[in-house]
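Reader: Please take me through a few local features of this model. I would like the general idea each time, then the case.

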Amino acid sequence: MSSSDDNKNDIVVSNNEHTVVVESQAAEDKTAATSKGSSNASSQMQLLGLAKQFSLDGQFLPPEKQIPIEDRARKRDRLNHLRHQQNLERIIQKAVGLSSDSQVPDRTDQDWFDRFLSLAESISNKTMQDLWARILAKEIASPGSFSLKALKTFRELSIQDAKLLAKVAKFTVRDKARKNLRILSGSYQTPNLFNFFSKSRQHKINLNQYGLSYSDLLNLDDNHLLFIQEAESSVLAKGEVLTFSYNGLALSLSAKKADSVLCFYKFTPVGVELMNLIGDKADEDFYQSLKRELSTHFNCES
């Protein structure tokens, strides 16, 4: 079978391999746009479209027009290599645009970079490419920002998971050292003879009413980004202060009474790394609501 016969059965007729990939990306974007329209393509048509893009439609051609399966496999490998190359070049281009021209004291580990490439090469979604580019730019500027474990975890996240990370940023606070991230979930006063029957002894923040459901928390836990078991601060003396930062805004909590305890969900180390991709963007309404929610047991100051 000649190369010209091979090209005749290509997804897109082309004079060179590079053009085939570009046309395939255009077809992919067109398919995605169609799926968002009012008249969605059927599941059968979507599957056939994917089969064509990934050169897996050989069995749908009449037998006399099918190229040998060995040639079809080589063609798919070639398209995959080109697609991976194109994905990486796009990510690198985006990362360069996010980088500064100032000098950095340390060089990025080449083994880390090689592993980054192997994990990022199949990322074709533009939003996810933007996030991978941010990871690379941050790592180059400050080596050690992202562990290989964080890269592997991020590779398994869907676009919906990535959107949840951005959503959760609205609910997170950092400790004073900026090393830990928490979602504050309530407070209570340890029971004693005088407060045991008090209705105000415990206060739970209903995060769901602010847009963060328990299923969201479970999703974060499933992806090893958050510990689903609630954690607690140490028992605080009256007037003892806890200091946090809420997306760039200060949040100082001073215990109103002795034996006060703050409850929260804590991010895993990998979760903290990946949340660093999300920029500080405070929600003033939630910030004020959070201070009201915590006022049962704490004096809250900015």
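Author: A polar contact is a pair of N or O atoms within 3.5 Å; within protein, one must be able to donate a hydrogen and the other to accept it, and residues adjacent in sequence count only if both atoms are side-chain atoms. Here the backbone oxygen of Ile-67 is 2.6 Å from a polar atom of the Arg-72 side chain. The model is predicted: local features need pLDDT of at least 70, side-chain atom pairs count only at pLDDT 80 or more, and totals for chains, interfaces and linings use all residues. Residues are numbered from 1 along each chain as its sequence is written, and side-chain values use heavy atoms, leaving out hydrogens and water.

Reader: Where does Arg-72 lie, and is Arg-72 buried or exposed?

Author: Buried means under 20% relative accessible area, exposed over 50%, partly exposed in between (1.4 Å probe, protein chains only). A salt bridge is a side-chain nitrogen of Lys or Arg within 4 Å of a carboxyl oxygen of Asp or Glu. Helices (H or I, at least four residues) and strands (E, at least two) are DSSP runs, numbered from the N terminus. Arg-72 lies in helix H4 and is buried without a salt bridge. Lys and Arg count as positive and Asp and Glu as negative, with His and the chain ends not counted; the nearest side chain of opposite charge is Asp-57, 7.1 Å away.

Reader: How many bridges join S5 to strand S6?

Author: Two strands pair if DSSP finds at least two bridges between them. Six bridges join S5 to S6 (residues 249-255), and the two run antiparallel. Tyr-246 has Leu-249 as its bridge partner in S6. Two residues separate the strands in this hairpin, where Asn-247 takes a positive phi near 45°.
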